[in-house]
Structure formats: structure tokens, C-alpha cells
Amino acid sequence: MAGVETAVRQIELKWPKVPEQLIKGDKFLKWEEGSSGFIEILLRVDPKGYFLYWKIEGKEDTQLLDLAYVRDIRCAKYAKPPKDKKIKEAGTNFGSSNIPLQDKCVTICHGYNYIDLEWTHLVAENSSVAKKWSEEVFSYAYNLLSLNKNQLGEWEKLYFRLTTVEMEKNKIPVKAIQKCLSKDKDDRARISKALEKIGWPSGKNDAIDLKAFDFDTFFKFYLALLERSEIEGIFKELSKNKGNITTVMFRDFLNDMQRHPSLHKTLFPLYTDAQCEALINDYESAVNKKGKKKGQLTKEGLLYFLMCEENNLTPMHRLDLGANMKLTLAAYYINSSHNTYLTGHQLTGKSSVEIYRQVLLTGCRCLELDCWDGKDGEPIITHGFTMCTEVLFKDVVYAIAESAFKVSDYPVILSFENHCSVAQQKLLAQYCNEAFGELLLDKPIDGHPLKPGVPLPTPYDLRKKILIKNKKMHKGTGDDEELAGLTDEEKKKIEKEKKDAGTAAKEAEAAEEMSALVNYIQPVHFTTFEQAQKKDRHYEMSSMVETQALNKLKDNPEDFVDYNKKQITRIYPKGTRVDSSNYVPQIYWNAGCQLVALNFQCFDIAMCVNLGVFEYNGCSGYLLKPEFMRKLDKRFDPFTESTVDGVVAGTIEIKIISAQFLSDKQISSYVEVEMYGLPTDTVRKKFKTKIIENNGMDPYYDEKVFVFKKVVLPDLAVVRIIVSEENGKFIGHRVMPLDGIKPGYRHVPLRNESNRPLGLASVFAHIVAKDYVSDAFADFADALLNPIAYQSAQEARAAALCAFEDDPDAALNAAKPGKSPKAGKKAWGAAGKKVSHGNIAKSALMGAAKKPAAGAPGKAATPASPPPPPAAADSEFVANSKMKDESAVTPPKLDVLKQNKAYSKILSKRDKEVDSIKKKNDKAQANMKTKMKSEEKKMKDGHQKAEKKAEKSGKDEHDRLVKENQDKFNQLHKENIDKFVSLCTDHFNAESEICKKYIDSLNDCLKNIITSNQEELKKKLQTIHDKEVEAMNKEMNKKSKEEQKNLGKETKDKEELARKKRESSKKLIDGIVAERNKLKALKERQEKALEKNVEALTKEFEKEKSNAENKLKEEIDAKLKKVKEEWS
């Protein structure tokens, strides 16, 4: 969110400065296609750069082009030259005849949106005039300040139209004013009455002298034309019915109501009395020159402020290119298009070269090119296997080269869906090189090699570079590498995803020439998050159809976010969206997906949100993701319903008060307010005003406040305000990121479907932005945050009202800040003075810090840090806390953690591999053992026969033979043992090597399990803490209510009762703050105990890890010892 800002840095945005040459005008020849006619015109631009207008020689009629709807202006080789012989001859001879006609040509493209375009063709007197006008007028058409004018700016634009374009003979015709504001008969009569009221001629055929037609009087005409009675109520409330708003009142209004309470007061200083006095002087000088009083703001001056640039809806630093553009490409949302070439239906639509230019001019940075073999050997772009028309690839890349960096200098990604043969792929590469030249990034830049673990380059590094996304040729690798290590079930799932992806999954293999152009955007088929993390190749990206991405998001939301911190994901619409409709991009932005590609030709809700969001950051096409979606050490669940660590949830209140100039007809209208963000933050079809009938000029809704009670993640939230006719017909809307809205009373300028301004059409609303406070604290949040303001309001009003009320609570409730009486349309009742809201928890701690605990030093804790935990004994809430359970801070033993499914899976894989080789080894050992036993038995049998024979030769001969045989047997036995032990040693070592291979995987897995378990225990502690805080709040509130009920029985004196109730409320607040601190301190102690226990477990793990190989060696030695014992 943003408030009334003082620039933290120098704002680069500048208003147009129209040179004198364009104001006075230059002569051009104007011609039309399909005609041989042409006319000479004097082309001019008004001093503010709002309009392009011309008068035809000899005629009084003036024609104009509103620069808000100029889409492009081209000259020289990019402009369209005339084909008609007569026009060509006239153009060549016009001005400098020695300059080629093509160099003098200018083409202006304009339209309500970028699909339905119109063309104006001109010939300048020389090439320098053509170039000057093209560059200047283009800069005015895309000036972000001009496109984001407030209501006063749009009224000024009408003034310049009337005084420069509509003027006739130094007079402004009344009918010109009526034509610009309304077509309705009753409204035109109303316009005449307003003119009459300020003393200007008001008849249909009258005209106003230019000298009398000054802007200050023209603003008085605005005041007379529109009732704006809601301003009366706001003025009375702010001035406290004193007739004027003083400097101090205006200062408090700006600092309290027109500013977000959480803004840093150093970076965004508060308004001073001197600044406010200067502003009052400016506003009063415009509306009340004669009667103005120093330091006093009138009702007219207040309205002037509410309509002026100082009170713009959007902070200028958010419109400007202000994000850090020096982070990895993966850290940004990138404006992306799907099937860019189509201008309509997916099956029968028309393909266009021009649409590539137009999409780039919206700030889109990723385009899709579906390439197929053309019949004449020239590659084409079309939607394959449909009846869509085709365009030449060559024409498209030259159009891209022309328009790629006209709006944004940041890199363009061309997403190829390549179905071309090798021969025509060579042409694709050739045309890319020819058209783009040095713009084409055909090799990695210094410092960012294509190696695992190396982050992608930054958008800043890649300024004015075009990157190619196309299949990359990898010699010696293919699908087998992608599918390695996956289960059969995972492989089947991937095959199904490829089928669902349609033609995108059936691309041709990359030819060498196209492959050479691919570097940082290398598409690979997504397998698993684990595999991607293991490979750690930041330059590999995945394209997913929306259904596949949605499944990934539902199954593994946190892993999806982590994947997108390093690598890029492109999402595209499913094939069944034949009408070119879109999914809501917010779904995938929530997961951190960068390239969320949409059908730009369909102006549905999704496209409107996309165009609105990407207008910010200088329309660069790059938006920085929130920090917690970029930091590698943080985990984020897009489906969270609780607050995110480090992010303060917000509450947004929007009251739709009125609207202005919605239509030039009498229409009935209503306003809707929606929010898009996390699933828990998204609110649609809930908030809608009543219908105001037959008023297109200034409908007054005065609707109840629409409250978005808890916005968990304001950084990702987007608000959309839609105005529609009674029958649902779209009138206009505005899409605003929450951090791109200033709170307070604001005019919301409306846009059309293609996000272009709707002129004077606006909605007047009151927006309150504050940090979220749970219901348990809502009744006394103001007291915690701003006790001085709270007490003064309490005492002043309660003292006056308690004398008349039987129940003092009624007086106290009426005195609460933010409540104001309802006084009908003229005294609009929701303009009550608000107490500034900030971070409740932080302020509560600050409040507690002001009063040190008994026995503690007198020095209070600083606001930047919470106070130390109280020294008092544990309360019943702390004593009975489940956070004290040992199980809450004791991680499981290593043996238990090893039973984890992931660890068991790796272990099972290892054991399976070991068992496989062990079976072979056991068989070899058994065979050798059998063979050796057979040899030894055979020797023994032979020896026994020989010894029996030797008995006949005498005892000495027999004994000698026995000894000799025994020595031979022992020798054989020893050799067998050595051979068998050697074989077993080889076998055991082979089995051990397999185990060694899995040591790192098992250790990494176990380490992740330990970390994950620690996070789970911390999360569990946090959950217990939050539930106990909530229970404590309810319990203490219950006790407080009982206590206050008993107070009514103790005394009948109303003033005394009110005093005691205030004391009781204060006691409750102090008690809750103290108990919260105690529970927080207990949680922090338990978290430290958990860290200590995890540290001990980690040491045990590290010890086991370092002994793993020694343990394997010991196991081998034990087995060999057993083998030897068995043979001995």
C-alpha cells in the first residue's frame, strides 16, 4: 500500500513538454487508403500534449485525435507509403522533392483498443519533420503521468480541447461544450443552467469570448454543473461546522486520513503547517481569489484539492520505474502473451503481424511464435490444425525488431513453438539474425555461464536484448536423461501431461542453427521438483498448460514456489479455450510463476487485471516478486490462511460515494468492488452498490463501507472497481495493486477494457487502509494505538452524553473514532475523523514498554523492540500452556526419522541393488566352496588308500607317508582358504561400494528430514501459541464483561460507573498485552530449547555421517573373520 508520498528517490517521470514547433504546427499531406484523394493540413499539438488536431485549408471544421488513444506513430521505412500514382507524385513533390517519399511518410495508429485499429496516413515536408513528430507524439501518447491524470487534469484537458480545438473565431460555442459533456437533452439543459449561473452565455447558438474563458471560471462551471453534495458533509466534518478548514485541521486531515498509517515517517515525512498553508493558498487562489483568507480552506478549495494532482490515487513512485532491476530474471513477474499472432478465435481467427507490435506496446515482454513449414519454402506463423489464417515469419520478426523496445528497454523473450523442418528452421535462424542483429542474445553474457547453480542474468544486464526460447539440441542426451530415476507411475503421469499439452508437446527436434540461438531460456519437460532441485540448472525452464500447473500447485504448493525462485515457468491456456478466454493469472502469480501467458485479444477479467497490474514499474513489463517469494531460505504456501512471517496482514475499507461523467447519456448504473490475491484474500461478486437510475453525469451511491477484513498478503492483492449499467453492460473499471493505492478520499479515474483512460469518468471513494486487527482486539485497537486521541475523544464526548444516557456504554460507543452521524446526502455521514491505525501488535508492545514491570529498571524499551518478558510468576495461561510439553520441542531419534518414507525409499533402492549382487556373490562363493571341499575330499580319499598300502612296507614307511600326506593336505587347505577369502573380499568390497554410493543421498535426505521436522515443530509451536492467545483473549474478555456487569450492581452513580468501566477496560488492555508477552516469551524459550535439541541431534547425525565408511570397513572385517573361522 502507499499513501500521500514524498519521493524516497528522484522520480524520473516528467510531464510532456511540447516544443513550439508542434504547437504552431507543420504542414502535411493527408491521404487515405483506397482513395486517390489527398488534402493539405496544418497539424498541431496542444500545449499540454493532450490532442493531435488539424484544420483543412479553407474550412473551419477541426478534426482531432485524442493522444490517449494513439497506439503508435511510425515514420520512414516503418510507415505505410501511398500506392496510388497521383498521391505518390503529390507526396514526392510536397516539401523537399529531393528526399525519397518513403522517408517523409508518417503513419498514425489509433483506436479504443489495440485490436480494432484505425489509421491516419501523412506525408511531411521533409524527413526531419517526420521523425520529430513521430518521436514527440509517441512520447506524449505513452506518458504515464498524462495517462494517470486526476479529475482536475481531465477537466483541464477538456478546457484545452475547447480553447485550442473547438474554438471558432476566438469564441467557444456553447454547443461545443454540450457536445463534449452529454448527448442527453435534459443534461444539456442542465449544462446551460450551469453556464448561466456563472454569468456565461448559455443559449444553444451562443458563444463565449476566449478572453472570458479562463480556467478558474471554467472550474466554477464544474462546481455549478455537478452537485457534489457529498463534499458538503466531508467539509462540515473536517471544519467542525466552523465554516472554514484551518491550516492545522488540514494538516491533521492529510496526515491522519489521507496517509497510510504504516508509512515510514523519515522516508515519507508528514505534512508541516508551512506546506499545508502553501497548499491552501494555491487551492484558494484557484477558486476564491477575491475572498480568500490566509490559512483558511473553503468547501470549493477542498474539492479542488480532492481533484488535483496532489491527491492522485496512484503514488508516482509506483508508476515510475522504481523496482530493483538487478536481480535474477526468475525474481520477476513478466508480462506474457499466448498465441500472440491471433486477433480472435482459436480455431477460425485471423492471424496478424500488427498484433505483435501492439502487444509489445502494452509492455508485454514475452511473445509466442507458432512456426510451421510454408508452402513456398517460407516459414509461416499460424495455429496448427485449425482454420486460422497465416502470416509470414519473416514479416513478424521485422515487426518485433521495430517495436520491441519502444515502450520498455527490458528484455523480450520469444517463445517458439517450432514445427518446422530442418531446412525451414535454418531460415528461422537466418531471419532472426537479420532482423534483430545486435539485439539478439546468441551467447551467454560474462559472469553467467550455463552451469548448474549459476543464477540467471538480471533484466538490467539484458536491456535491449531479445532471448529465444526454443528446444535446445543436446548431443548424446534425450528423454532417457529426463526420465532417469523416476518411478513408473511418475513416467506415466509425464506422458499424460504431454498429451494434455496439445501441439506444444509435439514440436520438431531443434536444428543446429536454431539451437545455437538458445541460451538462458532452455525449455525442458517438467519431471519432478526433486529432480529440478538436484540438477539445479537455472537456465532450464518449463512450459505448463494451465491444468497441469494447477495440479502441481495443488499437490506441491511450497515446492512450486521454491522452484520458481531459481527457474522460470511459463503457463498457457488449455486447448479447450477456443473462444480465446483466459484463466485468472493471479492463481499462478501466487505460486511465483513468471511467464503467465494470456490471450491478449480477449478483454476479459483476466486480461483487464493483467493490463492494470503491469502498468506499474514504468510499464516495463517486469514486476518484482515479493521478497519471501525470492528468498531461498523462506518457505511460502500460496494457500495459507494465516499471516505470513514478516508480512503484516491488512484491512481495507472502501466506501463508494459517487461517480462523475460516466456517460453522455441518461443511464442507470451500479459499482462493484472485487479483490484478487491469495485464495483466502480473493473476493468476487460480494460487494455491489445499489442502482442509481437515469443519471450518467453524477450518480450518488453513498453505499455502506465494503470491508476486506483480513488481507493476508497485501503485496499480492489487487483491487478492481467496476462500473456497469443496470443490464450489466460494462462502462469502465480500474485495477489497482494494493500497494499502488493511496488511502483517504480519492477520485478513481476509470479505464476502458484495454486500460486506456475514459476521460472525465471517475468514481469518488473513501479508502481506509490499516493493519489487520482480530475481532478480539477490535473494540480497543484505537486505544492501544493512539491513547491520547482515544482518551480525548472518550472524555470530551462521554462527559457530554453520560448525563443523558441510562447506559454509559452507549456514550462510550458513540465516542469511538471512526463513527459519525448519518445526516443524509448533504451531510454525508462517513467522513468522521479517523484515528491513525498502525501495526496493532507492535503498538501494543510499545504501549507496554512505557510502563516498566515492578522491580525492573526505569528505562523503557525502545519502540523498535518488544519489552523484556515480565519477571512476575507464570499466569494460569502460561502454566497450563501446551507449549510446555516436552514432545513439542523434542525431535524424534535418528532411528525414528529413518523410517521416513523418502529415506526408506532410498534405503530400499540401495538394499535392492545390494541384494541383487549379493545373490550372485553367494552363488559364486557356494560353488567355489563346493569345488574346494570336493578337491580336499578327493585328496583325503587318495591319501587313505596310499597309507593302507604303506602299512605292508613297515611302520617307518607308513609314518613317513602319513606325515607327507598331512603336509600336502594342509597346503591345499591353506590355498583354498586364501582363494575363498580373496573372493569374499572382492564380493564384500563390491557390496560396500554400492552402499558408499548411497551414503550422500541418504545423509542429504536425513538432513532434510531433520530440518523439515524442526520446521514442523516450530510451526506446531506457533499454532499452539496463536490458539492459546486467541483463547486467552476470549477468556479475559469474558471475565471483563462479568466484572463490568458486577460494577453496575456496586454503584448507581452514572459518572462513577463510567469511570470504573474505563478503568476496567484499561486493566483488560494491560492484562492482555502482558499475557501476550508472557506467551510470546514462553514460545521463544521453547524455540531455543528446540534448537538446542535439534543441534544435539545434528551432532549425532554428523558423527554417524563421518563414521559411515569406517562402519562399512568394520562390517567387511567382521564378515571375513567369520569366513576364516568357518574354514578353520
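Let's start with a term: a residue is buried when its relative accessible area is under 20%, exposed when over 50%, and partly exposed in between, using a 1.4 Å probe and protein chains only.

Before going on, a word on the model: it is predicted, so local features need pLDDT of at least 70 and side-chain atom pairs count only at pLDDT 80 or more, while totals for chains, interfaces and linings use all residues. Residues are numbered from 1 along each chain as its sequence is written, and side-chain values use heavy atoms, with hydrogens and water left out.

Back to K565, which sits in helix α23, residues 557-566. (Helices are DSSP runs of H or I with at least four residues, strands are runs of E with at least two, and both are numbered from the N terminus.) Its side chain makes a polar contact with the side chain of D562 at 3.0 Å. A polar contact here is a pair of N or O atoms within 3.5 Å; within protein, one must be able to donate a hydrogen and the other to accept it, and residues adjacent in sequence count only if both atoms are side-chain atoms. Leaving aside neighbours within four places in sequence, K565 is also in contact (heavy atoms within 4.5 Å) with A330 and a run of others including F628, M629 and R630.

Now for the annotated spot. An unreviewed UniProt entry lists N339, E368, D370 and E417 under "binding site"; such annotations may be inferred rather than shown by experiment, and the positions follow the numbering used here, with feature names shortened. These residues span 79 residues in sequence, yet no two of their C-alpha atoms are more than 9.6 Å apart, so they gather at one spot. E368 lies in strand β13, residues 366-372, and is buried at 4% relative accessible area. Its side chain reaches the backbone nitrogen of N339 at 2.7 Å. Among the residues E368 touches, beyond those up to four places away in sequence, are H338, Y356, E417 and R570. E417 itself belongs to strand β16, residues 412-418, and is buried too, at 7%.

Finally, there's L117, in the loop between β6 (105-110) and β7 (118-124). L117 and Q358 are 241 residues apart along the chain, but their C-alpha atoms are separated by 9.9 Å. Not counting residues up to four places away in sequence, L117 touches R71, C109, H110, E354 and Q358.
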